[in-house]
Amino acid sequence: MAATSLAAASRCHRHHILLPALASPGCFNHRTPNRRRICPAFPSVLCSSSSSASPQPTAGGEEEAEDGEEGRGRRLSKQSSWEATDGQGDDYLYRLGKEADNMNIAVGARSGIVDDLFVGKFLGRDSDIVFDYRQKATRKFEYLQGDYYIAPAFLDKVAVHIVKNFLANNLNIKIPLILGVWGGKGQGKTFQTELIFKAMGVEPVIMSAGELESERAGEPGRLIRDRYRTASQVVQNQGKMSCLMINDLDAGLGRFGHTQMTVNNQIVVGTLMNLADNPNRVSIGQKWRESDITHRIPIIATGNDFSTLYAPLIRDGRMEKFYWQPTREDIINIVHRMYTKDGLSFEEVSSIVDTFPNQALDFYGALRSRTYDQAILQWVNDIGGYEQLGEKLLKRKNREKLPTFIPPKPTLDALIQSGNSLVEEQAFVMNSNLSKEYMKNLED
């Protein structure tokens with residue numbers, strides 16, 4: 001029987017099969033990762049010549065450590081990160097996921113990213129219904145086609161602010177992160193800024209004052225930080241200049257009369273102040289990482305009266321103020337480009353501007369729109385009157401075309417007549433004060 005056991009052991013040894021090491025001086029001391037493994041050639045034969053079952057210590061503590069590690073479970077690979085731990089002994093991948101801001105909502109169950117076995121085809125290939133919207137968070141202003149006039153002073157201010165912020169690491173000066181463009185209503189602040197973005201190839205992330213309030217506390221502040229990081233990703237991933245633009249900032253954060261300050265107003269103000277002070281460290285809820293560095297993104301905010309904002313937000317170190325009041329030359333050039341397709345000369349446009357001084361730029365756009373009223377009324381009569389509007393505009397067949405609308409050609413006299421009508425309506429609104437008539441008991 002002993003000869004049979006030795007023969008079995010010798011045969012297993014020649015085929016590099018490890019046998020369990022038991023406490024026997026005459027047994028081969030082979031180490032094995034599984035102490036219940038047996039020789040495949042002789043399944044029922046174990047290497048034993050003594051009834052003693054007490055294990056002998058192995059030759060070296062390293063082998064004992066390896067046995068203990070293998071007893072807990074064999075690792076896939078020493079280079080595998082699936083079982084790696086950080087300096088504190090915690091699971092590395094778990095900590096990395098906890099620090100990141102990806103909650104599987106920016107990717108979702110998308111084909112090609114998640115295994116097709118888990119994506120399925122029942123509800124479609126892409127389960128994240130707002131993924132396409134997230135990809136279009138920036139604006140490219142492709143609709144701005146034509147020859148527009150950009151005021152030189154406006155262009156210089158916006159361009160210098162953007163360039164200074166992108167060169168902040170190379171300049172040994174304090175650079176405000178926010179540019180506040182303020183001025184009268186309808187002076188073209190937003191439109192001029194969009195023209196500059198298109199000319200410079202900037203793809204901004206746009207926000208409005210309506211997004212600065214929410215039924216949930218803290219949501220607008222998080223949204224600002226999220227949009228800021230989105231603009232940073234445009235710079236990092238696409239190699240294009242970007243910025244964060246907030247329209248009508250004072251409408252969302254300004255204090256008018258007895259308006260109440262909400263928690264979200266305070267959080268938004270604090271968020272903008274923190275961005276101005278720490279533009280490279282922006283968190284949207286994840287844990288901080290030393291390597292999580294955000295590109296410095298310039299912020300441009302428009303408004304009408306920044307004196308209603310929180311004073312520390314608009315101080316010189318955080319916000320650079322630019323008061324925009326177009327000159328007569330700027331207004332004439334802008335309006336002339338507006339009426340280029342109508343065939344009006346530069347002298348005729350100058351006459352219109354001089355006839356209605358101290359008017360905002362949108363006033364001259366309203367003049368052109370008012371001249372279309374009579375032509376539209378005539379078109380309505382041509383298609384059958386007011387009773388047929390629903391049938392003709394909405395319920396017509398796919399291949400049925402609307403009657404051709406011929407736009408009128410504005411003349412100088414027609415534009416001046418429309419301008420006088422608009423001025424009369426402005427004066428009537430300011431002089432009527434119907435609110436005082438309706439609320440006589442309301443004290444001023």
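**Aromatic pairs, a buried aspartate and a helix crossing**

In this predicted model, one aromatic cluster is made up of Phe154, Phe322 and Trp324.

Trainee: How many aromatic pairs are there by the rule on ring centres?

Mentor: A pair of aromatic rings is described by the distance of the centres and the angle of the planes. Rings of Phe, Tyr and Trp pair if their centres lie within 6.5 Å. By this rule the count is eight.

Trainee: Tyr148 and Phe191 form an aromatic pair; is it stacked, tilted or edge-to-face?

Mentor: The ring centres of Tyr148 and Phe191 are 5.4 Å apart, with 80° between the planes. Planes over 60 degrees apart count as edge-to-face, so the pair of Tyr148 and Phe191 is edge-to-face.

Trainee: How many residues apart are Tyr148 and Phe191?

Mentor: Tyr148 sits in the loop between α5 (131-135) and α6 (152-166), while Phe191 belongs to helix α7 (residues 189-200). The pair thus links distant parts of the chain, and the two are 43 residues apart.

Trainee: Is Tyr148 buried, partly exposed or exposed?

Mentor: Buried means under 20% relative accessible area and exposed over 50%. Tyr148 has 36% relative accessibility, so it falls in between and counts as partly exposed.

Trainee: Phe322 and Trp324 also pair; is that pair stacked, tilted or edge-to-face?

Mentor: The centres of Phe322 and Trp324 are 6.4 Å apart, and the planes are at 35°. Stacked needs planes under 30 degrees apart and edge-to-face over 60.

Trainee: Is Trp324 buried or exposed?

Mentor: The cut-off for buried is under 20% relative accessible area. Trp324 has 3% relative accessibility, so Trp324 is buried.

Trainee: Which residue's side chain is joined to that of Asp342 by a polar contact?

Mentor: Asp342 lies in the loop between α11 (328-338) and α12 (346-355), and at 7% relative accessibility Asp342 counts as buried. Leaving aside neighbours within four places in sequence, Asp342 is in contact with Arg368, Lys409 and Pro410. The polar contact between side chains, at 2.6 Å, joins Asp342 to Arg368.

Trainee: Is α8 roughly parallel or roughly antiparallel to α10?

Mentor: The axes of helix α8 (residues 219-238) and helix α10 (residues 263-277) come within 7 Å and cross at roughly 30°. Angles under 35 degrees count as roughly parallel, so α8 is to α10 roughly parallel.

Trainee: Is the crossing of α8 and α10 left-handed or right-handed?

Mentor: The contact involves residues of α8 including Ile224 and Tyr228, and residues of α10 including Ile267 and Leu275. As α8 passes α10, the crossing is right-handed.

Notes
Residues are numbered from 1 along each chain as its sequence is written. This is a predicted model: local features need pLDDT of at least 70, side-chain atom pairs count only at pLDDT 80 or more; totals for chains, interfaces and linings use all residues. Side-chain values use heavy atoms; hydrogens and water are left out. Rings of Phe, Tyr and Trp (its six-membered ring) pair if their centres lie within 6.5 Å; planes under 30 degrees apart count as stacked, over 60 as edge-to-face and the rest as tilted. Helices (H or I, at least four residues) and strands (E, at least two) are DSSP runs, numbered from the N terminus. Buried means under 20% relative accessible area, exposed over 50%, partly exposed in between (1.4 Å probe, protein chains only). A polar contact is a pair of N or O atoms within 3.5 Å; within protein, one must be able to donate a hydrogen and the other to accept it, and residues adjacent in sequence count only if both atoms are side-chain atoms. Contact means heavy atoms within 4.5 Å. Axes are lines fitted to C-alpha atoms, for helices over the stretch in contact, and angles run from 0 to 180 degrees between N-to-C directions. Angles under 35 degrees count as roughly parallel, over 145 as roughly antiparallel, 65 to 115 as roughly perpendicular and the rest as oblique. A crossing is left-handed if the near helix is turned anticlockwise from the far one by less than a right angle, and right-handed if clockwise.
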